[in-house]
Amino acid sequence: MNVALVRIDLEDVHSIESAAKHIEEKYGCCDVLVNNAAVCFNDPTLYGKVPHTPFDKQADISVKTNFFGTLSLTKAMLPLLEKSESPRIINIASSAGRLSILPSQKRREAFSSDNLKMEELEGFMWDFIKAAKSGTHADEGWPNTGYGVSKVGIIAMTKILARQNTRVMVNSVDPGYCATDQNNNQGFIPAERGATTPFLLATIQEQFFS
């Protein structure tokens, strides 16, 4: 198997645009986009490996990287996906992003609405960042987890993309609690096992889902 690498930083729009241009010039299209990159503050100091990060900064970094970075990359790659004969987008979600983490029933209904627009979803995510910075997020119906909110956003984003891009097979998947550096290798599922479902979604033949 030949593997080619191109650097992408989800916090750097220029790197995203450069990567998309490189892929277009070299390959002409993109068949599968797996959005797996993310940051997570599982522990205030990542098990003693980094300095403590206050919650307001955790929320800002997590949502801007995991949600807005993923959205920017997806938007940049959509024109290349549309050139593929069997385009797929696979967003790596998490049980941490289940709707039940949202204390507000109103917010749960908003995030799960079949009529939710991408612009509205982006507004919700900015609202969370703003509320976290002001310390009012709990009063406004948000949980104490930037990672969880970012994954709620990823799942909602997946549904919107699927509605907007009917030629593209769009899914989100929870790989399970995999043993990685993110959780100090405390997960009970091998990372290889966590990659199985995304791999199957990337390779399944169209007749099985059409």
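Predicted model: local features only at pLDDT ≥ 70, side-chain atom pairs only at ≥ 80, totals over all residues.

Guide: Residues are numbered from 1 along each chain as its sequence is written, and side-chain values use heavy atoms, with hydrogens and water left out.

Visitor: How many aromatic pairs are there in the whole structure, and why is the pair of F55 and F128 called edge-to-face?

Guide: The search finds seven aromatic pairs. Rings of Phe, Tyr and Trp (its six-membered ring) pair if their centres lie within 6.5 Å, with planes under 30 degrees apart counted as stacked, over 60 as edge-to-face and the rest as tilted. The centres of F55 and F128 are 6.4 Å apart and their planes stand at 80°, so the pair is edge-to-face. It links distant parts of the chain, since F55 belongs to helix α2 (residues 55–81) and F128 to helix α4 (residues 118–134), 73 residues apart; helices here are DSSP runs of H or I with at least four residues, and strands are runs of E with at least two, numbered from the N terminus.

Visitor: What makes F55 partly exposed, and is F128 buried or exposed?

Guide: Buried means under 20% relative accessible area, exposed over 50%, and partly exposed in between (1.4 Å probe, protein chains only). F55 has 22% relative accessibility, and therefore counts as partly exposed, whereas F128, at 0%, is buried.

Visitor: Why is the pair of F111 and W142 called edge-to-face?

Guide: Their ring centres are 6.0 Å apart and their planes lie at 85°, so this pair is edge-to-face. F111 lies in helix α3 (residues 105–112) and W142 in the loop between α4 and α5 (146–164), so the pair ties together parts 31 residues apart in sequence. Both F111 and W142 are buried, and ring pairs link F55, F111, F124, F128 and W142 into a cluster.

Visitor: What makes up the lining of the largest pocket, by residue class?

Guide: A pocket is an open set of points on a 1 Å grid over the protein atoms alone, where a 1.4 Å probe fits, with protein on both sides within 12 Å along at least five of seven lines, and lining residues have an atom within 4 Å of a point. The largest pocket is lined by 28 residues, with A4, V6, I23, C30 and V32 nearest its centre. The lining divides into 19 nonpolar, six polar and three charged residues, where Ala, Val, Leu, Ile, Met, Phe, Trp, Tyr, Cys and Pro count as nonpolar, Asp, Glu, Lys and Arg as charged, and the others, Gly among them, as polar.
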